Structures are given as structure tokens and as C-alpha cells.
Amino acid sequence: MEQARNYVCTECASAVPSGHKFCGACGAGVPTEAQTLETRFFGALQMPGKARLIVVRGDEAMGEGLSYLLQATEHVAGREADQIPFPSDNWLSPAHANFLYRGEKLVVRDEGSLNGVYIRIRAAVPIQIGDHFMCGQQLFRIDATPKDTSGPEADQTHFYSSPRRPSAFRVTQVLEGGMDGIVCCAHEQSLQIGREDCDINFPDDIHMSPRHARVEMSGESLQLADEHSQNGTYVRIRGERELSHGDYLFLGRNLLRVEVTA
Amino acid sequence: MIVCSRCSKENQDHYKFCLGCGAELPRQSSQPRSFSAPTPPGGTPSLGRTTDAPPAQVGRAEALASASQLELDPTPAEPVRSKPVAVEDPLPPELAPLSDETSPCPHCGSLVPENFRFCHVCGDDLHAEASGDALADAPEERVSAPAVAEASQPAAARARLVLIQPDGSEGESFPLSGGRSLIGRATGGIFANDAYLSPEHAEFRFEGDQLVVKDMESLNGVYIRIEPEVPIELFDGSIFRVGQEILRFEAPTAPDPAPDGTQHMGSPHRGYLGRIALVIGRQTTGNSYPIPPQGIHLGRERGDVVFPEDGYVSGLHCRVNSEVGHVFLTDVGSSNGTFVRVSNESYVPQGTFVLMGQQLFRAEY
């Protein structure tokens, strides 16, 4: 005695192989769940290639630990967004960023926001004049060394300037509200940021590591490197950026972790 | 390195107490370290500039430094041989090893390096007597020099600018009549070779009993030394000078928020009063630091903003702070003084030091 190996037609008791919509013997309909042998997940969270965003640090309204499953093709985050709303963070534009799938890949796209999207760097990354990055609670901008405007006048009077030292670039701290804070010119090719004993020091920033990050000119290009800090260094993305499992993003005051099921 | 006998922690040589357990460390092995090296007095070999500044700047720096010798720094003038540190040298000058020359402290008998003002063990003021002598000497010096100068003055002169030479002595003096006296590179004489003076740089005149200087829209301006512990208000764009450094005060500014109500993101704003920025070109500033509500101190070694490579800045030089909603600059007893750039016109009280181009003068009348 053994069990029939296929679906059995409820009208004529003939075997119906998977893939058939009607019984070949009597023409009776086959129920949809028997038509294909596709196995469903118990829950949508198990679906491969679908990503989740976990709010690691959120604003007051949107508590920590909240997660968003990115099931659709596009998911807009912002102060007035429907899908991923952060209503009480005024550093977010109404529609700030879009999480979307391109084929199998999840990407984040800055929707022309005022303050941008920051991603934690995993290794030293190239960085350009005008780029922004974050360490601890601090936001910085890379600036070019201005042209020397201390040459003599037409009447041969020399301009008296403070002593200057060779510097390949400078880093400017950007304060909330948009005013520039500290400006620090690199010592020749390199500049270090941290709590103590660096070129720019923030002794009272509890989220910054003692030696946190370094910007360096190597050859003709600038590089931003995290110095094994506890909380990482974040760089503002240009346009859009592919995401992978374990990436961290800052959107305004909100820190999000990306989880992608393999 | 001193290894603590109680807890075995390794401590730096200048520590008096163990960082690990707080036990007193053996005194004889602790090398005294200077945290109060004196500001180089006048006559110090000029500081090397790492940039390609015109050579004429060196003399100007010396002229500024010379003020200390006249009457303000009672510390005996000793040549300080530590050169400014090259950029690649990791050791800042204040941590450079001290010379072996020591003398016993009259109070506790510890051997104290010659350039210490206070005993590093008991805190005794080592120059309490010596400085009295230095002060006693100073007036004589001041009396004799003007006597020579007066002999060479025309009778019509109502005041004069006495040149303070790089070695601290008084040089030539320039007579100022009761009317308008224009000085500048085109004036010739002691002003002719100063590349940092504009051809028509400044004009002096009297208003009643007061000497007044007017900046004739010169390139580098006219600076007046401010009195110690007398606050001077700073306004947006005010320029002042400590040692070789030109600093600009910038009032706080901020862009408007976006039309959609989004605020500009950034580092925590601690209610900054503005910024001080290092002037390195006509429209160019270098390093800049925001001023928190409690104010900041500037100095060569101490303070929130330090200038370890400028030997003409005192250990602690001046402060910028806020009172009743206004921002003030105060010299805290620096050797070489804090100078404020004259905005258009200023009174020049008798005895005031005036810095123009690369030269330092004292106004006598």
C-alpha cells in the first residue's frame, strides 16, 4: 500500500501532475495551491534579497529597535514620508532618502536632501574637497587650502600675514545651524581627529574615540580612514550608494543598520 | 621612566606622583620639566619661518619682542637656545629638555632649573628679590634714552615716536609736531626701508592734550598695545595681534534654514560667541576656533588655543570672553603685549607702544 504521488482529481480520482490547471481526464479545475510546488516562507522577513532597516538610534518619536522591512521596490524615508517616517527630526528633509532595489541589490539614494545621507566606512575611502564626514557627534567638511593672497601690493608694500606652514588641505567643523566652527589646516599631508592628542580634539564628545579618524593626502588624492574607532566614521554619499548587510547609515539624527537576508 | 615602587606602574620622568596609585615618586629620579619656560626676551635669534615670507619680517618680530626688556618682564633676560620646532619634529619646544644649570631653592633646597620662576617642588617665588632689582633698573634706562633723543629734537616737536630696536634699546626718534604728521615709506628716514609700511601709512595729530593716530587705509594697519587686564571690546572683523600672529574676531553667522523647515545639521553648537581666525592673507584665514560662552585663553603653552611655535607669545597671553552680551579681549600680563589694530582712528596715550610695519615705537609726549 502506498500513497498516490500526485495531486488526485477530486472529480475522477485521476492523478494530476503539478503544473496542470485542469484534470487531463475529466477537465475539472485544480486548486491553485496544487498547481505549482512553490514553497512559501512562513514570514516575509525570511524572503531572500529583502532588506530590513533597524533603527539603532532614533529620535524621540520613533524609538530605538524599530525595524522596517523593505518589501516594495522603493521606500522613501523622511520627515514627512509615509513609508519610513521620522516626523520629529528637523535635520531630515520631507523626502530625504529612498531605499530601492536595483535587481538583487539594495541601494540608497539621496533625494536631494539638505543634510544628506552618511554611511559608515569599512576601510579607508577616497574623499574629495567639499565632501562631508562625521566622527562622534561632530560634522566636518574637507576644504581646499586657499590661494596665497599675501603677495606684495603694486606699490611694493608687503602684506604682513601670520606665519604659515605648508598644508595640503583643511578640515572645517560644521556646527548645527550651518555656521563654521573649528578650521584646522593639515600639518603638511595629514590631519588626525579624536578626543585627545590629535590635531582637532573633542575632549567632551563621549561618542568619539581618543584617536578616531585621519585624513591624509597621498599623492594627488585625499583619503579618509577610521582609526579603529568604537562608533565609526561616516562619509556623506554622493547620489546613490549600494548597500550590503551590516552597513550603518546616518539620516539626520537617526542611525540605521541595514540587514539583508542571504 | 619611573617605575612606582608600590604598584609597578611606569610613570613619565617629570611626574611627582604615581599615575596608578598616587604614591609619591622618588624625587631625585624625576627630571624637572618646564611648564613655564619664559617668553624669549628681545635679542633672541630670530625665528626661522617655514614659509617663504620676505626676509624683512624677521626684524619686525624682534622689534615686537624687544618691548619685554624695557620694563615689562622682570625676569632676567637669558638667551633661550631652543629653536622653533620643525614641522616634522614631534617634540614641542616646551617639552624640550632643560639645561643642566640649576640652583638651590632658598626655601626647600631643591635644585631648580635656572629658567624657572617658581620652585617646582615647593612653589617658592625664586625671583621675588631679583625682579625687584630689575624694576629698580628700568626707570634709569628710560630716563637716559629720552635725554639723548631730546637733544636732537627740533624745538617745535610736541611729541615723538621712539623706535624700539630689536635688541630692546631705544633707537632714533621721530618728532611729531602739534599739527598733522604723516608717516609712511614715502616719508623716508626711519620709515624708508620698511616693506610692510604703505607709502602713506598713518597720520598723527593732537586733539587737545591727546595724541591721535589715523590709519591712512594702509595695507597692514596700525596696532596699539592694550593695557594688561583692561578689556577691549571686539567687533565683527576686529583684528589683534599676539606674538607674530594676526587674529581676527568673527561674529557668529549662520545661513537660514531651508524653506521646507529643515535645519542645518552639524556638530553641537555650544552657544559660541563667534570665532577667532588666524589671518594668513588679505582675504584668507587659516586655523579658526569658536569661542564658547565661558571664553577662551590664548598662549604659547597654556590656554585653549596655543601657539607652541611662536616664541613671542607668552605662556598664557590673553583671553577672549563675554560680558553682558559683548565680547572682550584682555591681555593677561603677557611679556610682549597684545596689540589691537586701529579701526580708522585712535587715541594714543602717553607711553603707548605703537606697531607699524615691522617696527615698534613708543609714543612720548
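Modeller: The answer below goes through the strands of chain B, then a sheet in chain A, and ends with the confidence scores.

This is a predicted model, in which local features need pLDDT of at least 70 and side-chain atom pairs count only at pLDDT 80 or more, while totals for chains, interfaces and linings use all residues. Residues are numbered from 1 along each chain as its sequence is written, with chains lettered from A and ligands numbered from 1 in the order in which they are written.

Strands here are DSSP runs of E with at least two residues, numbered from the N terminus, and helices are runs of H or I with at least four. Two strands pair if DSSP finds at least two bridges between them.

The hairpin they make has 2 residues between the strands, where B:V324 has a positive phi near 40°. Strand β11 (residues 232-234) of chain B also runs antiparallel to β19(B), through 3 bridges; there B:E233 is opposite B:F328.

Other strands of chain B take part in touching chain A. In all, 44 residues of chain B contact 41 residues of chain A, a contact being two residues whose C-beta atoms, placed from the backbone, lie within 7 Å. On the chain B side, β13 (245-250), β14 (274-279) and β15 (285-291) each give two or more residues, and the largest share, 5 residues, is from β15(B). That side has 20 nonpolar, 19 polar and 5 charged residues. Ala, Val, Leu, Ile, Met, Phe, Trp, Tyr, Cys and Pro count as nonpolar, Asp, Glu, Lys and Arg as charged, and the others, Gly among them, as polar.

Chain A has an open sheet of 5 strands in the order β6-β5-β7-β8-β20, with mixed pairing. Its edges are β6 (84-85) and β20 (240-243); each has a single partner strand, so one side of each lacks a neighbour in the sheet. Inside this order, β7 (residues 97-102) and β8 (residues 105-110) of chain A run antiparallel, joined by 6 bridges, and A:L100 is opposite A:V107.

As for confidence, the model has ipTM 0.83 and pTM 0.72. Chain B has a mean pLDDT (the predictor's confidence in each residue, from 0 to 100) of 76, with 71% of its residues at 70 or more. Residues 29-38 of chain B fall below 50.
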